[in-house]
Amino acid sequence: MAQWADLARELEGLLHLRTFPLAWRRVRTVAELEAIPRLRRMDHPVTFCQVLTLARTAGWTVGVSAADMKRCGFKTVSGLVAPTEEDLSGSRRAGYWVKTAEGARKQMSAMCRIPADGYQALALAPLAAEKFEPEVVIVYGNPAQLMMLCCGYQWTEYEKLTFHFVGETACSDSIAQCYTSGKPALTLPCYGERRLGHVQDDELIIALPPAAVARTVEGLKGMAKVGLRYPIPF
């Protein structure tokens, strides 16, 4: 696991990131979660958006269970609990994020979710802290930084990248999409991330499969040698 500190610091330096790249993983039991060194648990209900910000700005290692996220939809997106019929109906979104009940149902049907399979908790930490092996690596950056990151990913072995926007619930289009597809998943941070997680107006989010990080760093270094680097000169 010693590779992650070096890769995270190289990524931070090459892109001049202002918040930490994060390691994310699902954890089978709460006891296993609490065995992670220097883990912080919240003593009040939270949303996943808030926990993301604590990890990426304060550098905390944070753990949450489904019970901690009482009113947060990420517990179903991440597969900690199965969505209910009410969740899938979209009844709580009709008239808000979409005009009609049918539109809300379509949105819920289109949402990417990790199947519920017995995991009880989630852990987040700065990637450089090497607290656990990540299942997804999460990076926030401005459009230019994440454009360069995507080009770095394409540098050694080109492939066209396609991204998703289901609407409100960016964690579905980033973390769940990456987890289920094994491909980078970039999207627009949602209203919840901005309102509750303090994501800034110039930030985007990308989720990377762990194997993509070394490939991306290699690409960024290769591009830098020919003068393609961030910040981009006018």
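1. Let's start with strands S5 (residues 136-141) and S7 (residues 204-208): they pair in the antiparallel sense over five bridges. Strands count as DSSP runs of E with at least two residues, helices as runs of H or I with at least four, both numbered from the N terminus; a pair needs at least two DSSP bridges. Ile 138 has Ala 207 of S7 as its bridge partner.

2. A quick word on the source: this is a predicted model, where local features need pLDDT of at least 70 and side-chain atom pairs count only at pLDDT 80 or more, while totals for chains, interfaces and linings use all residues. Residues are numbered from 1 along each chain as its sequence is written, and side-chain values use heavy atoms, with hydrogens and water left out.

3. Now the whole sheet: it is open, has seven strands in the order S2-S3-S4-S1-S5-S7-S6, and its pairing is mixed. S2 and S6 (185-187) sit at the edges with a single partner strand each, so one side of each lacks a neighbour in the sheet.

4. Have a look at S3 (residues 61-65). Five of its five residues are buried, so the strand is largely enclosed by the rest of the structure. Buried here means under 20% relative accessible area, with exposed over 50% and partly exposed in between (1.4 Å probe, protein chains only). Thr 61, Gly 63 and Ser 65 cover one side, Val 62 and Val 64 the other.

5. What does S3 pair with? S2 (residues 39-41) runs parallel to S3, joined by three bridges, and S4 (residues 121-126) pairs with S3 in the antiparallel sense over four. Leu 39 stands opposite Thr 61, and Val 64 opposite Leu 122 in S4.
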